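Let's walk through this one together, question by question.

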Amino acid sequence: MAERAALEELVRLQGEHVRGLKQQKASAEQIEEEVAKLLKLKAQLGPDEGKQKFVLKTPKDFDIAGQFDPMIPDAECLKIICELLSSLQIGDFLVKVNDRRILDGMFAVCGVPDSKFRTICSSVDKLDKVSWEEVKNEMVEEKGLAPEVADRIGDYVQQHGGVSLVEQLLQDPKLSQSKQALEGLGDLNLLFEYLTLFGIADKISFDLSLARGLDYYTGVIYEAVLLQTPVQPGEETLGVGSVAAGGRYDGLVGMFDPKGRKVPCVGLSIGVERIFSIVEQRLEALEEKVRTTETQVLVASAQKKLLEERLKLIAELWDAGIKAELLYKKNPKLLNQLQYCEEAGIPLVAIIGEQELKDGVIKLRSVASREEVDVRREDLVEEIKRRTSQPLLN
């Protein structure tokens, strides 16, 4: 009991240390190293039989006579990323894929010492931000890698393509000496078959520089980037950063299984904040406001004591399926109502006034152009639908 309590205290202290490093924005390598120590401590701790309340389960057909195909869920994750980014209409994108086994096999055949695999991996992962010469300099000058070894790595990590590159590397005389690399290439070859069937192979690039620094990845890794449209014809397309990433981590969850069973896992994460930021920048560039509501029209009044008339009209619009709202004040000023529409991005205002009531019309105002027209009340629903049927972004 005393030994377990001591281990629990070490786990607690190491956990606090890792959180502190993250708050201090320490280097990724330092954080990864300390996280690895934390995981080892937790593994030594083992399960607490008194606290065990769940059992991890693998799929019933997992690895039965080789029937389970791990590339199907990987392909499905990539399909989800493509569908999501396409539906957002935020620009062209590319999903880069690689495999940690290919990376490790490549490092081995190039002559990287086992002890330097992870640190060299973190250098390779910077190739989307800096040039190969800068990466090579870091490997040689800062991390002590032999220049000829770095050159061999450079011959591989500057390559990218599709399934043809996978097939080419399967025949590579050096890389084919690595069992790990061959396993990874074989899985990628199968993955591209499924991506073709899903109709997204043209959105996927096999990129040997993709490394994903986290140690728990065991197989396929991927990262989605948005591509910025060139400002001038002939300019090179520039990446604007990663908006989604993920991969396979078959060894992570099983660490917490009492019997140490292997639990196959694959997952992805979406950079929601980054996507929102890009959407806002795009709208600003188009000089369009960000819509904070789906409301199509605000029911407003031009004079006092027209709350009942506003309520009658908004009920008619709701019954017709129009997304309408009104301000809750009894007698709001017209200027305040118009300003609310501008701030919230509501495109239309249906204005009721004493004269409009007498004439049987509603004054319909476009918030963007400030143009106003009188619309007969019985035609209002059709006119609102006509005006709001156009997409918000062209």
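**A look around the chain**

Visitor: What share of contacts between residues at least 6 apart join residues at least 24 apart in sequence?
Guide: Bear in mind that this is a predicted model, where local features need pLDDT of at least 70, side-chain atom pairs need 80 or more, and totals for chains, interfaces and linings use all residues. Residues are numbered from 1 along each chain as its sequence is written, and side-chain values use heavy atoms, with hydrogens and water left out. A contact means heavy atoms within 4.5 Å. Among contacts in the chain between residues at least 6 apart, the share joining residues at least 24 apart is 63%.

Visitor: Is Lys305 buried or exposed?
Guide: Lys305 sits in the loop between strand E7 (297–301) and helix H11 (307–319); helices (H or I, at least four residues) and strands (E, at least two) are DSSP runs, numbered from the N terminus. Buried means under 20% relative accessible area, exposed over 50%, and partly exposed in between (1.4 Å probe, protein chains only). At a relative accessible area of 78%, Lys305 is exposed.

Visitor: What is the phi of Lys305 near?
Guide: Most residues other than glycine have a negative phi. Lys305 isn't a glycine, yet its phi is positive, near 60 degrees.

Visitor: Where is Arg370 found, and what is its relative accessibility?
Guide: Look in the loop between strand E10 (361–366) and strand E11 (372–376) for Arg370. Arg370 has a positive phi too, about 65 degrees. It counts as exposed, because its relative accessibility is 54%.
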